[in-house]
Amino acid sequence: MLGLIIQEISGQQYEHYIADHILGPLGMSRSSTDRAVLETLPVLTGHHAGIEPRPAQFIHVQGALPAGSGLYSTVNDLGRYLMALMNGGEFEGQRVLQAASIEQMWAPAIPLVIIPHDLGGTGKPAHYAMGYFVFDIDGYNYVGHGGEFSTMSSFALIDRENDVAIALLYNTGSLYPYTNQKHYYAMIAGLRLASDLPPSEFGIPRQSDPTINDFVPPRDSVAPLIGAYITASGKRLDIEAGGSEGLHAFLTDGIYPVDFDVDFVNSTNVIMRNIKDAKNGTFVTDRSGNISTIRFDGDLFRRKSESAKALQPFESEQLNISFGLPQDWQLQWTDGGFKASNGPYTLSGRRIGQEFNDWMAANGLTSDRMARGEMRNGYYFQSQMTRDGEGTQTIAMHSNHRGENYLFELTSADGELTYAIISTLNPFLDSLQLP
């Protein structure tokens, strides 16, 4: 809402206002909220927080910009910003705020607990001000705030007593309490070292991680748990052989796919662990004693049933992909993909070397032409529907799964896709299995 207010009052787009009134005057030349500008800079993409974090695609969510999710910057640029704040809103002769505004912005307003005492906090209440947390540690007053966007994180902190500040950027997300506190500890330690002060123990947990356990399941008991599990909203959890205790879990939820090591607490309760999280999960059996569902992180994942028997099954060892199509469809495997047809309809699929936005740009398509994202069968697809000058209509569905980009296209020569979507595309997507 504040971002919208800025746009309404200034008459500028939010990203342009930030560039003209903050980033430009402060000389933050390697910072931007504008995707067009960011694409000209050597922007790091961060990492998905799996067991072994892997590079993520470039993420820029327009609607999240006013909340800070989408401002790309560097520690040097953030240093200029922090110096302006410490100097009453002015840096190198450029004023971006009045000193009175900064004091109002940092005035304690809402009491809260930043870190519980058991996890290294002081036990004293902190406060939320206007976009900043303010708190006292060892007699010194600090102002700061962090950010986390799943594939990257940040924190900026100012020691008002000693007039020093620190910016911390790291290339994965982390909000798990027993790792998040380390970031506080590192920043407080850095600020105290800069002021020749002895180290503080703020941010060091005083209790052990309660999820740690010594239970190891019998190896032959984990095999029945292997399979694909789906929520009603389309999230997918693939349980595979591997991991430290016999299982490896892979969660597909929107554009942030991550994997977990499955740590058993007992025969049915588990902790899903990776570099970012430790999430609780429970395997649930049906009346026959078979594993039917998994309760994981607040969601109920039901075991995925086999593809409908009425479909023709197709499988490619080369592509490591399988799916089903109606009986009246003909299919040919091609170099790197497949092509199936039935009358005026054609369905093709292949791996491509481009992300969705790059593929759209290469094909002269723009995001305002019915582009949308959805979860299907546990895979996240970004889709684009087009019609050429001769009436041929195509729906293209792009998915990034485990670092590989897949493109599936359903085309109708007679300009009508509704029947083919219902009779062919939906069953295809429901039966699709990617590696």
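1. Charges come first. The protein chain of this predicted model carries 30 positive and 49 negative charges, and their mean positions are 4 Å apart. Here Lys and Arg count as positive and Asp and Glu as negative, while His and the chain ends are not counted. The place of a charge is taken as NZ of Lys, CZ of Arg, CG of Asp or CD of Glu.

2. A word on conventions. Residues are numbered from 1 along each chain as its sequence is written, and side-chain values use heavy atoms, with hydrogens and water left out. As the model is predicted, local features need pLDDT of at least 70 and side-chain atom pairs count only at pLDDT 80 or more, whereas totals for chains, interfaces and linings use all residues.

3. Now the whole chain. The C-alpha trace spans about 75 × 60 × 35 Å along its principal axes. The protein chain has eight helices and 27 strands. Both are DSSP runs numbered from the N terminus: helices are H or I with at least four residues, strands are E with at least two.

4. Next, surface and burial. The accessible surface of the protein chain is about 22,100 Å², and 52% of that belongs to carbon and sulfur atoms. These areas come from the Shrake-Rupley method with a 1.4 Å probe; for residues, only the protein chains shown count as cover. Of the 435 residues, 44% count as buried. Buried means under 20% relative accessible area, exposed means over 50%, and partly exposed lies in between (1.4 Å probe, protein chains only).

5. Contacts along the chain. Take the contacts between residues at least 6 apart in sequence: 47% of them join residues at least 24 apart. A contact means heavy atoms within 4.5 Å.

6. Two strands pair if DSSP finds at least two bridges between them. Axes are lines fitted to C-alpha atoms, for helices over the stretch in contact, and angles run from 0 to 180 degrees between N-to-C directions.

7. Look at the β9 and β10 pair. Strand β9 (residues 153-159) and β10 run antiparallel and are joined by seven bridges. A156 has A167 in β10 as its bridge partner.

8. Is L119 buried or exposed? L119 is buried, because its relative accessible area is 10%. L119 is found in the loop between β5 and β6 (126-128). Leaving out residues up to four places away in sequence, L119 touches P177, Y178, Q181, G203, I204, P205, R206 and Q207.

9. Another sheet has seven strands. This open sheet has the order β21-β22-β23-β27-β26-β25-β24, with antiparallel pairing. The edges are β21 (330-334) and β24 (372-376), each with a single partner strand, so one side of each has no neighbour in the sheet. Neighbouring strands are turned by 20 degrees against each other on average, direction ignored. Five bridges join β21 to the antiparallel strand β22 (residues 337-342). T334 has G337 in β22 as its bridge partner.

10. Follow β27 in this sheet. Strand β27 (residues 404-412) is mostly covered, with seven of its nine residues buried. Eight bridges join β27 to the antiparallel strand β23 (residues 345-352). Nine bridges join β27 to β26 (residues 393-401), also antiparallel. I395 has L410 in β27 as its bridge partner. β26 and β27 form a hairpin with two residues between them, and R402 in the turn has a positive phi of about 55 degrees. Helix α8 (residues 418-431) lies across β22, β23, β24, β25 (379-387), β26 and β27, at about 35 degrees to β23.

11. Last, N405 in strand β27. N405 is buried, because its relative accessible area is 8%. N405 and R351 are 54 residues apart in sequence, yet 5.7 Å apart in space, C-alpha to C-alpha. Beyond its neighbours within four places in sequence, N405 contacts several residues, including R351, G353, H398 and N400.
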